[in-house]
Amino acid sequence: MKTNFKNVITIYIRREKKALLSSILRKNSSNEDKVNRIVAIDFEEQNAAICDYVVEFDTYEQAVGDICQILGIKPAKK
């Protein structure tokens, strides 16, 4: 993306592994999809090193707030 577009910002969204695994297991998807996602976790973690920003969060609201701050926009009100 960055080679084709000058204004691209990459953001890696990091979650605690236990929370990530719980989220994957709760999803309404096939066991094969869940296994593939779990197997890819460690590989995907390597993407953090090539991103412009890394957002770590406990709640989705916190993640949205952090991403909005990076992008310089106000989060939508509920």
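Trainee: Before we count anything, what makes a stretch a helix or a strand here?

Mentor: Helices are DSSP runs of H or I with at least four residues, and strands are E runs of at least two. This is a predicted model, by the way. With that rule, the protein chain has three helices and two strands.

Trainee: And in what order do the elements run from the N terminus on?

Mentor: They go β-α-α-β-α.

Trainee: How do you know how the protein chain compares with a compact globule of 78 residues?

Mentor: Look at the radius of gyration: such a globule would come in near 12 Å, while the protein chain has 15 Å. The C-alpha trace spans about 40 × 35 × 20 Å along its principal axes.

Trainee: What about Ser23: is it buried or exposed?

Mentor: Buried means under 20% relative accessible area. Ser23 has 10%, so it counts as buried. You'll find Ser23 in helix H1, residues 17–26.

Trainee: Which residues is Ser23 in contact with, leaving aside neighbours within four places in sequence?

Mentor: Arg15 and Tyr60. A contact here needs heavy atoms within 4.5 Å.

Trainee: Going back to the whole protein chain, what share of the 78 residues is buried?

Mentor: Buried residues make up 14%. As for the accessible surface, that comes to about 6,500 Å², with 54% of it belonging to carbon and sulfur atoms.

Trainee: Now the cysteines. How many disulfides are there?

Mentor: A disulfide is a covalent bond between the sulfur atoms of two cysteines. To be counted, a pair of sulfur atoms has to be within 2.5 Å. By this rule the count is zero. Take Cys51: the nearest cysteine sulfur belongs to Cys68 and is 18 Å away, and Cys51 is in no disulfide.

Trainee: Why does Cys68 count as buried?

Mentor: Its relative accessibility is 9%, so Cys68 counts as buried, given that the cut-off is under 20%.

Trainee: Last one: how far apart are the mean positions of the positive and negative charges?

Mentor: They are 6 Å apart, for 13 positive and 11 negative charges in the protein chain.

Notes:
Residues numbered from 1 in each chain as written. Predicted model: local features only at pLDDT ≥ 70, side-chain atom pairs only at ≥ 80, totals over all residues. Heavy atoms only, no water. Rg over C-alpha atoms; globule rule 2.2 N^0.38 Å. Buried < 20%, exposed > 50% of the residue type's maximum accessible area, 1.4 Å probe, protein only. Areas by Shrake-Rupley, 256 points an atom, 1.4 Å probe, with all protein chains shown as cover. Lys, Arg positive; Asp, Glu negative; His and termini not counted. Charge placed at Lys NZ, Arg CZ, Asp CG, Glu CD.
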